[in-house]
Amino acid sequence: MTQDSRFWDKIAERYAKQPVADEAAYQTKLEVTRGYLRPDMEVLEFGCGTGSTAIAHAPYVKHILATDISSKMLEIGQHKAEEAEITNVTFQQTGIDEFSVADGTFDVVMGMSILHLVKSRDAAIAKVHRMLKPGGVFISSTTCVGGVFKLLALVSPITQRFGLLPLIRSFTVEQLEDSLIKAGFAIDYKWQPAKGKAVFIVAKKAG
Ligand SMILES: C[S@@+](CC[C@H](N)C(=O)[O-])C[C@H]1O[C@@H](n2cnc3c(N)ncnc32)[C@H](O)[C@@H]1O
């Protein structure tokens with residue numbers, strides 16, 4: 001168990017009860033994502049949290065592997081899936097750094113509110129690119145650098161030691177796009193509801 005998984009375990013119950021910060025934007029992201037989904041698709045969501053997004057998309061694909069470092073987040077997700085009678089989502093405890101599958105396994109990979117939390121954004125994006133089939137898409141939503149968030153990123157190495165925050169990496173939307181392009185993706189869709197809000201990007205692997 002790592003510092004960060006302990007942090008997420010600790011806040012999992014509270015996180016599950018919190019309303020989505022911007023419901024309208026969330027619904028738009030679900031709708032855009034749905035446009036990329038097909039019934040025969042294999043999907044990965046890493047950093048799935050309590051599974052809301054995976055559960056919402058499950059009826060539109062063959063199978064979703066939903067992964068997270070926090071066992072408590074996954075327990076809640078599993079329970080929510082059972083309540084919703086969703087049987088095609090598998091929950092697995094793993095960090096994106098440790099996770100390993102054969103190249104070209106997935107049609108779609110989703111990473112929502114997670115790229116600022118991983119050890120190396122470039123390594124995670126390169127791994128996603130390898131895990132995707134040709135023509136597959138990586139759908140992400142990421143809070144990039146800005147006011148309060150920049151401050152949180154700065155203090156997070158200290159607060160992480162006391163279990164108060166996970167380690168947060170701060171970067172700009174342009175740096176995120178550069179990482180995606182460097183890994184071999186083309187940006188298929190990009191939407192930022194307002195300055196300072198999370199940027200939603202659909203990045204496509206060449207077919
Ligand atoms: C901000 S929450 C986002 C959860 C969910 N994707 C959502 O949009 O509500 C970040 C999640 O990522 C998980 N996480 C943090 N670092 C991770 C890593 N390196 N690999 C996989 N999951 C991670 C946390 O346990 C937490 O559930």
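**A first stop: Ser113**

Ser113 has 15 C-beta neighbours inside 10 Å, so Ser113 counts as partly exposed. On this scale a residue with 20 or more other C-beta atoms within 10 Å of its own is buried, one with 12 or fewer is exposed, and partly exposed lies in between, with C-beta atoms placed from the backbone. What you are looking at is a predicted model, in which local features need pLDDT of at least 70, side-chain atom pairs count only at pLDDT 80 or more, and totals for chains, interfaces and linings use all residues. Residues are numbered from 1 along each chain as its sequence is written.

**Confidence**

- The chain has a mean pLDDT of 93 (pLDDT is the predictor's confidence in each residue, from 0 to 100), and 91% of its residues reach 70 or more.
- Helices (H or I, at least four residues) and strands (E, at least two) are DSSP runs, numbered from the N terminus.
- Where pLDDT is low, the predicted coordinates should not be read in detail.

**Strand β1 and its partners**

- Strand β1 (residues 42-46) is largely enclosed by the rest of the structure, because four of its five residues are buried.
- With strand β2 (residues 63-68), β1 pairs in the parallel sense over five bridges; two strands pair if DSSP finds at least two bridges between them.
- Leu44 has Leu65 in β2 as its bridge partner.
- From β1 the chain crosses through helix α3 (residues 52-57) to β2, a right-handed β-α-β crossover; right-handed says that, with the strands pointing away from the viewer, the path from the first strand over the helix to the second runs clockwise.
- β1 and β4 also run parallel, joined by three bridges, and Val43 has Val108 in β4 as its bridge partner.

**Two positive phi values**

- Most residues other than glycine have a negative phi.
- Ser113, in the loop between β4 and α5 (121-131), has a positive phi near 55 degrees.
- Glu85 is not a glycine, yet has a positive phi of about 55 degrees.
- Glu85 sits in the loop between α4 (71-83) and β3 (89-93), and counts as exposed because it has 6 C-beta neighbours inside 10 Å.

**Around the ligand**

- The ligand is surrounded by 19 residues (C-beta atom, placed from the backbone, within 6 Å), and the closest are Trp8, Gly47, Gly49, Ser70 and Met112.
- This shell has 10 nonpolar, six polar and three charged residues.
- Ala, Val, Leu, Ile, Met, Phe, Trp, Tyr, Cys and Pro count as nonpolar, Asp, Glu, Lys and Arg as charged, and the others, Gly among them, as polar.
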